[in-house]
Amino acid sequence: MRALQQTSRHGPADLRLVDIARPTAGPGEILVRVTAAGVNFADVMQTYSTYVDGPTAPYVAGFEAAGEVVALGPGVTSFAHGDQVLGIGPGAFAEYLVLSTSAAMPLPRGWSGEQSLGLMLNWATALAALRLGRVAAGETVLVQAAAGGVGQAAVRLARHFGTTVLATASPAKHQLVRTAGAHEVFATVPDRRIDVILESVGGPDFARSLAAARPITGRVVVYGMAGGDATVTNRALNFRPVQLIGLHLGVLMAEAPDLFAELLDELTGLIAAGVIPPGSPTTYALADGPAALAALESRSTVGKLALRP
Ligand SMILES: NC(=O)c1ccc[n+]([C@@H]2O[C@H](COP(=O)([O-])OP(=O)(O)OC[C@H]3O[C@@H](n4cnc5c(N)ncnc54)[C@H](OP(=O)(O)O)[C@@H]3O)[C@@H](O)[C@H]2O)c1
């Protein structure tokens, strides 16, 4: 099968199209013929080996895909041949992908694979961040990188939950973020008193986020670091107290499976209610994966990106 293999730790330019053997499904696994693979910021980080516990080159890149079940591993009864599914598992930038049944879900009725990309990563991450941040109607929420995959999802959900939605994005993307539902959009963290901050940028913005969170009751949910590392000291939290909450969806799935199941149930309800619409990702051919990841890295993209094998 054709697959995109990362061959170094020097970034997306070293992703190569290769021909490798089709994987086989083991116990509790399904083999999926990929129709669309989701591109995520973590894919960019992995190409530089900056993703904690990420794979070491050479590896088949990607970890989110939709497609059709073509083989069942021993003992699998929850899926059948021909099912259309979405899932998370390593090696998604390829014609075939093995998924654990616990990391796969059926596509919403009537949605294509491409339209479903992002449900388990972008929307689940956005919802988890808002839930862990205990967001309540009437509060003010700040969504960083709001034009991106997770960002647009978070803006829509925060608006649906009755909050005042502030957002940050590169200036050229501000109108799009307003259209997605943000009340106000800024180039960087604004000097306001904010109840819940969805912190995915880090770097120098991290200190600004801590400063903008409402003292004592303000929650800062940390789930990304697109702008780099940042530190927080016990002195800072002692004398400028805010609530810091960490989020990693993979850890949440492994360590809090009941909470993840609740999030998926809530997402299903939000889809049925029309709050979450089918996605319309910007799609690249598999061979153009290096260009897709480079575009995401350069901050020139909006919304979800996908690869078509
Ligand atoms: N913890 C988890 O489980 C989890 C799960 C999914 C995603 N995430 C994180 O959530 C974030 C969004 O992920 P995504 O896949 O949806 O990507 P994305 O938002 O589509 O792309 C990342 C965005 O971050 C901003 N950005 C990129 N480089 C930056 C830099 N050097 N400084 C400041 N901002 C920068 C850019 O937005 P602007 O140009 O508009 O600022 C860019 O569009 C990422 O940080 C990702 O790692 C975490």
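Q: What separates the centres of domain 1 and domain 2?
A: In this predicted model, the centres, taken over C-alpha atoms, are 27 Å apart. The bounds, which come from an automatic or database domain assignment, are 2–118 + 279–308 for domain 1 and 121–250 for domain 2. Contact, meaning heavy atoms within 4.5 Å, takes 13 residues from domain 1 and 13 residues from domain 2.

Q: Which conventions apply to the model and its numbering?
A: Residues are numbered from 1 along each chain as its sequence is written, and side-chain values use heavy atoms, with hydrogens and water left out. The model is predicted: local features need pLDDT of at least 70 and side-chain atom pairs count only at pLDDT 80 or more, while totals for chains, interfaces and linings use all residues.

Q: How much area do domain 1 and domain 2 bury between them?
A: Buried area is the accessible area (1.4 Å probe) that two parts lose on being put together, summed over both. Here the two domains bury about 980 Å², of which 57% is on carbon and sulfur atoms. On the domain 1 side, G118, V302 and G303 supply 39% of the area buried against domain 2, more than any other three residues.

Q: How many salt bridges are counted between domain 1 and domain 2?
A: A salt bridge is a side-chain nitrogen of Lys or Arg within 4 Å of a carboxyl oxygen of Asp or Glu. The count between these domains is zero.

Q: Which residues come nearest to the ligand?
A: A residue is near a molecule if one of its heavy atoms lies within 4 Å of it. Of the 22 residues around the ligand, V150, S170, Y223, L249 and R299 come nearest. Domain 1 and domain 2 each contribute at least three residues to this shell.

Q: Where do N or O atoms of S170 and L249 lie relative to the ligand?
A: A side-chain N or O atom of S170 is 2.5 Å from a ligand oxygen atom, and a backbone N or O atom of L249 lies 2.7 Å from an oxygen atom of the ligand.

Note on methods:
Polar contact = N/O pair within 3.5 Å; in protein donor to acceptor, adjacent residues only side chain to side chain.
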